[in-house]
Amino acid sequence: MRSSLVALVSLALALVSAHEHDHEDQIPLNYVKYPYQATYYPGDNEVTADAIFAGITTFAKLPWVQCLGKDRDTAFDIAFIGAPFDTGTSYRPGARFGPAGIRAGSRRLTLYGGYNVPLEVNPFLSGLKIVDCGDIPVTPYDNKYALKQIEEGHKELLHRRTYTPLGNDTLTGQALTPISLDGKNHPRVVTLGGDHTIVLPLLRSIYSAYGPISVIHFDSHLDTWKPSVFGGAPSEQAAINHGTYFYWASQEGLIKNGSSIHGAIRTTLSGPADYANDDSSGFQRIEAREIDTIGTEGIINKIRETVGDRPVYLSIDIDSIDPAFAPATGTPETGGWSTRELRTILRGLDGLFIVSADIVEVAPAYDTNAELTTMAAADVLFEVISIMAKTPLGKIGD
């Protein structure tokens with residue numbers, strides 16, 4: 001009896017062992033068991049369209065690095081970070097799910113390879129280390145505390161050492177010196193919002209490295225409203241929201257006045273005083289309708305003339321795109337630019353010193369089943385990181 005039991009146990013173990021062995025043998029050729037540890041980016045004339053829908057969802061299948069956790073010593077050149085905050089919005093909530101939605105919309109970014117034809121660069125194979133850091137832990141219960149969490153999380157990444165040294169100028173061969181105010185070479189941080197309120201803590205973080213910064217702001221709204229006008233400021237915390245954060249950034253000296261500019265503006269106003277307040281906040285404006293008269297080239301020229309060769313922060317509200325192309329947002333406005341027009345304008349910023357960027361107000365619950373808005377957001381960021389990959393944050397020293 002005992003010998004029979006031992007034989008049965010041995011047979012069972014053998015079957016389990018054989019099954020495990022068979023399972024390993026059945027793994028498809030080139031299958032990546034843990035995609036976040038070994039992401040595949042095809043180069044020129046290499047295999048593409050290879051199961052990009054598989055694995056966990058990071059931005060464009062980038063490696064997932066727990067930058068604010070166990071991997072806090074990891075260096076990088078460009079980091080994506082989510083800021084799932086939407087309790088500063090005035091109309092439709094839901095942008096707390098924006099980071100997850102944008103990542104889902106980015107899955108097909110490298111379906112045919114990551115080479116950006118108009119900009120002639122593959123940012124994923126540019127020699128820079130680009131990672132997805134996940135999300136900043138943001139409380140949904142206390143706006144003041146949440147904005148502090150966002151500022152501290154962003155600042156920790158911004159002051160991380162870069163993976164790639166600054167190097168030399170490609171034309172002269174001379175060494176480049178950092179353009180930051182503190183003299184250090186900082187990585188870039190691309191933030192996935194979140195409603196637009198998050199830009200106030202992001203600019204506070206940027207100030208710690210670059211001082212007052214020029215801002216390029218694509219949005220259908222000004223977002224420089226006085227708190228007494230936008231929402232009425234029923235409390236000190238309620239005065240900080242997605243329509244007033246630039247007002248506060250200007251009051252705090254975070255923005256370099258006169259060299260910042262809005263694009264795609266088409267909001268209604270309380271009256272002309274709103275534009276006067278916008279002027280005093282340090283912004284110039286490009287109305288969305290100007291694309292009918294000066295075209296994308298004229299818009300690009302106005303932006304470049306305004307910011308010059310200064311360090312610049314780029315903030316993109318998805319509602320700068322017309323809701324026909326990007327409906328999933330908190331405060332949609334008709335009469336906006338097409339996805340193609342915005343991407344063309346962004347490519348026209350090639351060569352600018354974009355130190356960091358964000359895309360905000362993506363609220364996936366209002367999207368179509370085809371993920372139009374989240375795909376548009378991901379494609380816009382593809383243009384942004386392509387520009388970043390081509391332009392190091394350094395100049396030839398005096």
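Tyr-245, Phe-246 and Phe-283 form one aromatic cluster. The model is predicted, and a search of the whole structure finds 7 aromatic pairs in it. The briefing below covers the sheet, the helix lying across it, and contacts made by aromatic rings.

**Sheet and helix**
- The open sheet contains 8 strands with parallel pairing, in the order β2-β1-β4-β9-β8-β5-β6-β7.
- At its edges are β2 (130–135) and β7 (283–287), each of which pairs on one side only.
- From one strand to the next, the twist averages 15 degrees.
- Strands β5 (residues 214–218) and β8 (residues 311–317) are paired in the parallel sense over 5 bridges; within β8, Ser-315 is the bridge partner of His-217.
- Helix α9 (residues 372–390) lies across β1 (78–83), β4 (188–193), β8 and β9 (353–360), and runs at about 170 degrees to β9.

- Among the 7 aromatic pairs is the stacked pair of Phe-124 and Phe-382, with 6.3 Å centre to centre and 15 degrees between the planes.
- This pair links distant parts of the chain, 258 residues apart: Phe-124 is in the loop between α2 (98–105) and β2, and Phe-382 is in helix α9.
- Phe-124 and Phe-382 are both buried.
- Trp-225 and Phe-230 count as stacked because their ring centres are 5.2 Å apart and their planes lie at 25 degrees.
- Trp-225 is buried, at a relative accessible area of 7%.

**Charges over rings**
- Arg-92 places its charged end over the ring of Tyr-366, 4.3 Å from the ring's centre.
- Over the face of Tyr-275 lies Arg-285, at 4.0 Å from the ring centre.

Conventions:
Residues numbered from 1 in each chain as written. Predicted model: local features only at pLDDT ≥ 70, side-chain atom pairs only at ≥ 80, totals over all residues. Heavy atoms only, no water. Pairing = 2+ DSSP bridges. Helix = DSSP H or I, 4+ residues; strand = E, 2+ residues; numbered from the N terminus. Axes fitted to C-alpha atoms, helices over the stretch in contact; angles between N-to-C directions. Contact = heavy atoms within 4.5 Å. Phe/Tyr/Trp six-rings, centres within 6.5 Å; stacked < 30°, edge-to-face > 60°. Buried < 20%, exposed > 50% of the residue type's maximum accessible area, 1.4 Å probe, protein only. Lys NZ or Arg CZ within 6 Å of the ring centre and 35° of its normal.
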